[in-house]
Amino acid sequence: YIGVGPHTRAPVLTEAEAEFIFHESNHRCRILVIYNGAGGAQVAGNRQVGIERARDAASRANGAGAPRGVRIYLDVEPQWRPSAEFFLG
């Protein structure tokens, strides 16, 4: 996970941890980057909120050492009601 959201206590991936994983696996292990910095109210928001969360996700992925172009997935819980506008942002 990258990001700190209101609904989670999960530890945040650091660049040192990512480097350790790649080094120990001889660069064979890949990391699925999941942004958990948005809550239910935010994902139900508008395009601007989506843009803000996307920028935060990209910044945090960069801080964790993820290379440019890596896909970042969003943690969305089943009870949330995400809006199309949020995802367009």
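Tyr 1 lies in the segment before helix H1 (15–24). The model is predicted, so local features need pLDDT of at least 70 and side-chain atom pairs count only at pLDDT 80 or more, while totals for chains, interfaces and linings use all residues. Residues are numbered from 1 along each chain as its sequence is written, and side-chain values use heavy atoms, with hydrogens and water left out.

Me: Why is Tyr 1 called partly exposed?
Reply: Buried means under 20% relative accessible area and exposed over 50%, with partly exposed in between (1.4 Å probe, protein chains only). Tyr 1 has 41% relative accessibility, so Tyr 1 counts as partly exposed.

Me: Which residues does Tyr 1 touch, leaving aside those up to four places away in sequence?
Reply: Contact means heavy atoms within 4.5 Å. Tyr 1 touches Ala 10, Pro 11, Val 12, Leu 13, Ile 34, Asn 36 and Asp 75.

Me: How far is Tyr 1 from Arg 60 in sequence and in space?
Reply: Tyr 1 and Arg 60 are 59 residues apart in sequence, and their C-alpha atoms are 9.8 Å apart.

Me: Why do Glu 85 and Arg 47 count as partly exposed?
Reply: Glu 85 has a relative accessible area of 37%, so Glu 85 is partly exposed. Arg 47, at 39% relative accessibility, also counts as partly exposed.

Me: How many salt bridges does a search of the whole structure find?
Reply: The search finds three.

Me: What links Arg 53, Asp 56 and Arg 60?
Reply: A network of salt bridges links them. The closest N and O atoms are 3.4 Å apart for Asp 56 with Arg 53, and 3.0 Å apart for Asp 56 with Arg 60.

Me: Why are Asp 56 and Arg 53 separated by about one helical turn?
Reply: They are three residues apart in helix H3, so about one turn separates them. Asp 56 and Arg 60, four residues apart in helix H3, are also about one turn apart.

Me: Are Asp 56 and Arg 53 buried or exposed?
Reply: Both are buried. Arg 60, at 33% relative accessibility, counts as partly exposed.

Methods: Helices (H or I, at least four residues) and strands (E, at least two) are DSSP runs, numbered from the N terminus. A salt bridge is a side-chain nitrogen of Lys or Arg within 4 Å of a carboxyl oxygen of Asp or Glu.
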